[in-house]
Structures are given as structure tokens and as C-alpha cells.
Amino acid sequence: MSTNLEPIPITSQKHDPAWKHCQMFKNGERVQLKCIYCGKIFKGGGIHRIKEHLAGHKGNASTCLRVPSDVRLLMQESLDGVVVKKRKKQKIAEEITNVNQVSTEIDTFANQMDANTGLHIIGEPDTLEPLSTLLVNREGMSNVSGERRKRGKGKSSAAEANALSVSTIALGAKRVNNNVHMAVGRFLFDIGAPLDAVNSVYFQPMVDAIVSGGSGTLMHSHNDLQGWILKKSVEEVKSDNDKVMAAWVRTGCSILVNQWNTQTGRVLLNFLAYCPEGTVFLKSVDASSLINSPDALYELLKQVVEEVGFKHVLQVVTNGEELYIVAGRRLAETFPTLYWTPCAAHCLDLILEDFAKLEWINETIEQARSITRFIYNHSVVLNMVRRYTFGNDIVEPAVTRSATNFTTLARLVDLKNILQAMVTSQEWIDCPYSKKPGGLRMLDLVSNQSFWSSCVLIAQLTNPLLRVLRIVESKKRPAMGYVYAGMYRAKETIKKELGKRDDYMVYWNIIDHWWEQQWHHPLLATGFYLNPRFFYSMEGDMPNEMLSGMLDCVEKLVPDVKVQDKISKEINSYKNAVGDFGRKMAVRARDTLLPAEWWSTYGGSCPNLARLAIRVLSQTCSTLGLKQNRIPFEKLHETRNCLEQQRLRDLIFVQCNLQLRQIGYESKQQDSMRPMSFEAPTIVEDWVTGIETFLDDDTNSDWTALDALSVNTMLLGPSNDEGEELGAGFDDYEIFNRVKEGDDENAEDNVVS
């Protein structure tokens, strides 16, 4: 792109859908548009030409070869809609004209109207009426009917009637929609529901069901909800859960233990069961009286394993606190065919937390926060930023506060050029907030190359760890086959970025401190070993610890020694790509199929190893799941009435399982980015909470002045598959052997052929 192109923000007044897929620049006195997918610049033709470019319409513009298929379809529909709208308007006008010509009742009604009062909106009815009864244009209808009496079917009066009627119906449709939206808003405001409740996958089906019932539909009562509706919902959820549990025979499952500390001091343990078919909520237990006793905790874990069926359970995943280590290891002794596993997400969060404590990183984070705090506490500035970033927030929430520090720094790096263009624009110079202390500091930082260099380096050091965190929290694919490779890539990246051993060992030591138990965990090593994408990309010999972990899993998860011996032979077939493993289809599928699917498809000649591989590769590594603030767990454990407590247990059982279904549904959809929400303030509060200087200025906090958001995620680049980014090739034995400072001898001795 030419360097003399100046970015121009696209205002919220531009409603054409094509504006979300292009950028606008000023070149001298001319305005030019650029496709965000292929980078082609259009010097004329306006937004319509961009739309034709994206839609693939030949003639006025070349076809974009990089536009996503869903965007191309949207543009095609938009172009087609222009023609359809014209035809619809003509058809409506013709129908209304015909009605006007034969309807003497409307003429009579119109004659009674005051011809000088203009457009009159009739009061809101108790129930929604047809559009024609909601709006009446008194002047237009009396004039039209009067002209008909004078001149019959004159062309001029008919045209006026058509145009007026079309606009009346459009206004009526808008009014009806507004009524619906306001009714929903009043209901949510009244009950204090979180506003992102409208994002529920069950919201639109509820609306559709109400509409299909018609205006005479009677709503259920409170007794209905806590009676037969709840009872039927429990039955439906149990039926869905049975389908998920049926898959445990083939894939096994992981028991996940979530510990929640409530504001009243209670310690609640929520038990879930995960498999690729879905996650099932089992129960919630008030563990306040036993959380400090490893023996009592062990007994509780043992009870849950027995309820699920120990033959289905491959691992119990908890956080890595000492109490759980003791109870988990004792549990593994009681049930020889399962493992205790510390939560990978919790370990990663502790790593990122320690990274943020390093002086230079902490200083950079605080500098970046001064920018975001100023922006998010001044509506004028926030509007300007969102116009320049095409609706993207500069704070990117992650699953934890520590992770949010680094996702936001990475977002700032992505938007660096945009922010620099904004603070050097005339709009910023004219903005009164640019002269305030916060605005001047923001200008200094955004223009400071040293600040950006620090942000870039931090992003390069932490992005691989954030990728692993996204892998372990994702429901798109089981994480077990990817975590070991992800952590290898994280350490490899840090080493390459910093170069000197003294420099990168600072970060390696933090990683190894919190990840030590994971490095030695046989399940993670086996997941790496049995993932064909990584196994066949090993350029050297397999590290001894990796093979030992694989053999540990065989002995623990397969108690039958005869089957163990068969697996030992089948491992050689897998290692040498014998039979179906060596087919060209199987080789290509190493990079395209999920590991468990690959084994299911090509592992028929090694049935015992394939069964083990499918079970191991079908597991998760994290306890992340439910949203704590949505479920009335405390109310359940405070209730002393037996009947009411059982009813609450059923209610929570339904709520938790429906929430888990929604998480699974959303994970299967194409990644989308919603505007930042303040529903979970603890995640983003360090980045948006106003300091006293901001709060004293009451002229800047008018939230009603904020423009409507229109997010364009393509500005930040396409969302990539985290597993695909791990690549191939694992030949740095310093990483596998976790060499400590001053212990760099024999780094490559611990390998096997």
C-alpha cells in the first residue's frame, strides 16, 4: 500500500453490510476503498463496487479470491436484495392500490380524519394487530380518497397513495419490532437477568415458540415452571445425558472437579464428566467441612468414581493444590486403572501470573492499562477508537485475569498502526480529551517505539502459552493429544526469541516450576506419542521419557497382560507405518483428521492399540466449564427443607447441563467475536476501571453517547486452528529433558532408538 494513504474511520451511519469488509483511506482529495481479504484498492465505484468484488459479480470489478464463502454469499444476497426490494415495493404498492380502490370502509374512516394533522399513530394495543391497523396516515388517506372521488383512478393520486402506503408499512414494521425488543428488555431488566442472556441458543427458539402460539397464547404460571415444566426438563436432560454416557464404553471419560469459593465462605465442589460427545454435570457438594482433610476429600472423590463406574474413568482432573495431590494419588492407588491429573489451565494461569510479575513485563502492562483505562472511561474517545478499529475492542478478555493481560497486549500490537493513525489525525487533535493528562500520556505511549517493542516481545513470548490455554479450554477437540506439543512449542519459541541461555532460562524455570507434574504425566506423553501428526514428524529418536510414559499407560489402563503383549507388538507396526498405517490416505489424514478419528479409521490392523489410543486421545486436560455466577448453588446448600432442596437439585441439574450443551454448541460454530462484556468484571477490571482522575470528571461518562457496535474481526486476521499451528518437528532434546541451569551435559543421552 502506498505510504501516503491516510486511514479514515467508517462511521456507524454507513449501514451497507459491505462496509464491514473493507477499509477506507484518503489519498489526497480522493477516497479509496481497500478489500480486507485480498488487499485490492478501488479508486472509484464506491461501496457497490466493493460488494460486487466480494460477491464475485463479473463486470465492474474483479473477483476476490480470498473472501470467506459465507461473506461471498452475504454479498450476493445483498446485491440480489436490491432487486427484490424494488419488486416487493412495487407489489405492495399494487396490492394497496387495489385495496384502496375497492375498500369503501377505509374511505369512510379517512373522511373522518383531520386533513391537517399529518401522520397519526394509534395507541398501542394490548395484543399485536396486523400492521395495517397499527398505523394510519390521516392526511394521505383523506387526500387519496378525495382525489378518487374527484378524478376517479387518476395516475397521480394512485402514485402518491402507493408511495405513502409503502412508507407507512415500513414504519409499522419498525414499530412492531421496537415493541418486541422493548418488551424483552423490560422483562430482562425487571428480573435482573444478565443481558447476554439473549446470546443463549435457547432464546430464539423460545421467541419462535411464543410467536407460533399466536396472540391468544396463555403464559405458564410460577407453579407450572417449578412443577411439570421442570419435571419434563429433567427427563429431557437425563435422556440427552444417557446418549452421551453411552459413548463412555468406547472413549472412556474424565471426571472434572471444579472448586468454587463463595462470598459467604462456602467451598463448593462441582463434579462433571467429559467425553468428546459432551460434558455432563453430575452433582454439586458443599465441601466446606472436609476441604482441609485429604482423607475426607479422597472419600468424596472415591464415591463419585464409583457412581460413574471406575471402568469408564481414565482420570480425575482437579487443581494442583497439595490437598488434591494427596487425595488424587491415594485415589489412583485405590483404582489402579485411572490417573489423577492436575488441571492444565490452572497451571498455565500460574505460569502467566509469574510472567506478569517480572519487572519489565509488569511495567509494560501498567503502561498499556493507562491507555485502555483512559479510553474506556471517556465515551468520546471510545467512540473514536471503535471507529478506527472498525468496532473491535482493544481489551480482549480471556478465561482468567492473568491471561487477559497478555491477550490484551497482543490485541494492542495488532492494532498498533490503527492507534498511531488515530492519535496523529486531525480528529484527535481537535478532540478536547487529547489535551487532558490521560490523553497526552496516551499520545506519548502510542508514539513510543520502546513501548511497542516491549509489547511485541511480550506477545511473542506468551502467545504460544495462550495458544495452549485455548487448546485445553476448547470443546472443539479433546486436548490430550496436543498439550505436550503445545508446551514444547512454547519453550522453543522463547528460546528462539531470546537466544542467550541465561535469558530464556528465566522463563523456562517458571514454566518448569508449575508444569513439572505435567511433564512427568504418562497420559500427556502418551497423547503426544499416539498423535500421528506429531509422532511421525519426529526427526530423531523418541525421548526415553516419552516411550516410558506410553508403556506406563499400557500397563495401567490395560490390566490384562495378554492384551498388553499384543499392544507391545502393535506399537512396532505403528512405529514403522506398517499396513494401513502406511497408506497414502493415512499419511495425508495425519494432518486432517482428529487423532482419535485417525485411529478409528486406519487402526483396524492393531485393534488393541487402537482401542487404547482412542480412549487416551478422547480426554481433556482442564476443569474449566460452568459459569459460576449463573447457577444458584449457594441457595441449594442453604435450604433445609428436604422437598425444596430436591427441587433445587433438579433445577441446578437442568441449568448446568443446558449450559454445558450451549458451550458445546458454540464451540462447534465458526469463531465469532462479540463486543467486550462487563458481565464478568473481575476479568477485565484492571484494564477498564477508572482511576480517581477520570471519575472526578463527570463530563466523560455518558454511556448513552456510545455508538452502536459493528465488529469486523477480519481486521485482526483470520482465526486459525490452534492444533494446526503446532506444526511438525520436535528435535530439541534440551526441551524434552528439561535441562536446568548449570546442567547442560548429557542433554541428548536420554533418547531411545
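Predicted model: local features only at pLDDT ≥ 70, side-chain atom pairs only at ≥ 80, totals over all residues.
The model contains an open sheet of four strands, arranged in the order β1-β2-β3-β4 with antiparallel pairing. Its edge strands are β1 (6–8) and β4 (41–42), each of which pairs on one side only. Strand β1 runs antiparallel to strand β2 (residues 22–27), and three bridges join the two. Within this pairing, Glu 6 stands opposite Lys 26 in β2.

A search of the whole structure gives 22 salt bridges. One of them connects the side chains of Glu 306 and Lys 302, with an N to O distance of 3.0 Å. Both residues belong to helix α10 (residues 294–308), and because they are four residues apart, about one helical turn separates them. Glu 306 is partly exposed, with a relative accessible area of 44%. Lys 302 is also partly exposed, at 21% relative accessibility.

A salt bridge is also formed by Asp 393 and Arg 386, whose closest N and O atoms are 3.0 Å apart. Here both Asp 393 and Arg 386 are buried.

In the salt bridge between Glu 427 and Arg 387, the closest N and O atoms lie 2.3 Å apart. This pair links distant parts of the chain, since Glu 427 is in helix α17 (residues 426–430) and Arg 387 is in helix α14 (residues 379–388), 40 residues apart. Glu 427 has a relative accessibility of 28% and counts as partly exposed. Arg 387 has a relative accessibility of 18%, so it counts as buried, the limit for a buried residue being under 20%.

On the surface, a patch of negative charge is formed by Glu 235, Glu 236, Asp 240 and Asp 242. Of these residues, Glu 235 is placed in helix α8 (residues 222–246) and is partly exposed, with a relative accessible area of 47%. A nonpolar surface patch of about 290 Å² is made by Met 206, Ile 210 and Met 219. Met 206 is located in helix α7 (residues 203–213), and its relative accessible area of 42% makes this residue partly exposed.

Helix α19 (residues 449–473) contains Arg 470, which counts as partly exposed at 34% relative accessibility. Although Arg 470 and Ala 398 are 72 residues apart in sequence, their C-alpha atoms are 9.1 Å apart in space.

Note on methods
Residues numbered from 1 in each chain as written. Heavy atoms only, no water. Patch = residues over 30% accessible without salt bridge, like charges linked within 9 Å, V, L, I, M, F, W, Y side chains within 5 Å. Areas by Shrake-Rupley, 256 points an atom, 1.4 Å probe, with all protein chains shown as cover. Salt bridge = Lys/Arg side-chain N within 4 Å of Asp/Glu carboxyl O. Lys, Arg positive; Asp, Glu negative; His and termini not counted. Charge placed at Lys NZ, Arg CZ, Asp CG, Glu CD. Buried < 20%, exposed > 50% of the residue type's maximum accessible area, 1.4 Å probe, protein only. Pairing = 2+ DSSP bridges.
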